[in-house]
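Notebook open, structure loaded. I wanted to look at some helix packing and then at the aromatic rings.

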Amino acid sequence: MPIVDGAAQIAASDYLAPAVLAFTLIALWFGERDAEVRLRQQVGVFVALSSMGLSGLAVFVLNMFYFRPRPFVDLDVNLLFYQPTDSSFPANSAAAAFGIAFGIWGVNRKLGWFAVVVAGVYGLARVYAGVHYPMDIVAGAAIAAVVTYAVFRISHLAMPILTTIIKVGRILRLA
């Protein structure tokens, strides 16, 4: 179905979901008037970005030991995406998107659920587009969940640095 294929191409692109998640982080950063809640949400932005990066690092390390070909290599699929050459498992795109989404969810449930849905649609679209198997997405999301949990657990160690950065940002009207 051309309409579904077109929608999947847009949803699976390297632009739509990452941009939506980035704008969600911006909303989280600037969107609260209460100073205490705003500080918590701004720390959550740091957690989300750290989770994204560390989830990507975890996938990179796993890919050094395990390579899984993409579905379009092994199966006769209607590829709706360019042909990535890196390992299919675990999905780096899912790990990054869910790392951001879970970080947002940890400090703001309403925006967090929205971000989790965006990450989920992104992952499903990449399966439909023929570049990932379903378990690639599940594994990427699982990695992001574990990493985000760990980052939240140790974030208190970085609080003096984070609050200083946020205070400087407020002086410069960036926070």
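I looked up the handedness of the crossing between H3 and H7 and got right-handed. Bear in mind that this is a predicted model. H3 covers residues 35–65 and H7 covers 134–154; I noted an angle of about 130 degrees, with the axes 9 Å apart. I therefore filed H3 and H7 as oblique to each other.

On the H3 side I have Val47, Ser50, Ser51, Leu54, Ser55, Ala58, Val59 and Leu62, which meet Ile143, Ala144, Val147, Thr148, Val151 and Phe152 of H7. How do the residues of this contact divide into nonpolar, polar and charged? I get 10 nonpolar, four polar and no charged.

Then the rings. My search of the whole structure turned up four aromatic pairs, and I wrote up two of them, starting with Trp29 and Phe46. Their ring centres are 5.7 Å apart and the planes sit at 75 degrees, so I call this pair edge-to-face. Trp29 is in helix H2 (residues 16–30) and Phe46 is in H3, 17 residues apart, so to my eye the pair links distant parts of the chain. Buried or exposed? Trp29 comes out buried at 14% relative accessibility, while Phe46 is partly exposed at 24%.

I also checked Tyr66 and Phe89: centres 5.9 Å apart, planes at 90 degrees, so edge-to-face. Tyr66 is in the loop between H3 and H4 (71–74), and Phe89 is in the loop between H4 and H5 (92–105), 23 residues apart. I have Tyr66 as partly exposed at 43% relative accessible area, and Phe89 as partly exposed at 25%.

Methods
Residues numbered from 1 in each chain as written. Predicted model: local features only at pLDDT ≥ 70, side-chain atom pairs only at ≥ 80, totals over all residues. Heavy atoms only, no water. Axes fitted to C-alpha atoms, helices over the stretch in contact; angles between N-to-C directions. Helix = DSSP H or I, 4+ residues; strand = E, 2+ residues; numbered from the N terminus. Parallel < 35°, antiparallel > 145°, perpendicular 65-115°, else oblique. Left-handed = near helix turned anticlockwise from the far one by under 90°. Contact = heavy atoms within 4.5 Å. Nonpolar A, V, L, I, M, F, W, Y, C, P; charged D, E, K, R; others polar. Phe/Tyr/Trp six-rings, centres within 6.5 Å; stacked < 30°, edge-to-face > 60°. Buried < 20%, exposed > 50% of the residue type's maximum accessible area, 1.4 Å probe, protein only.
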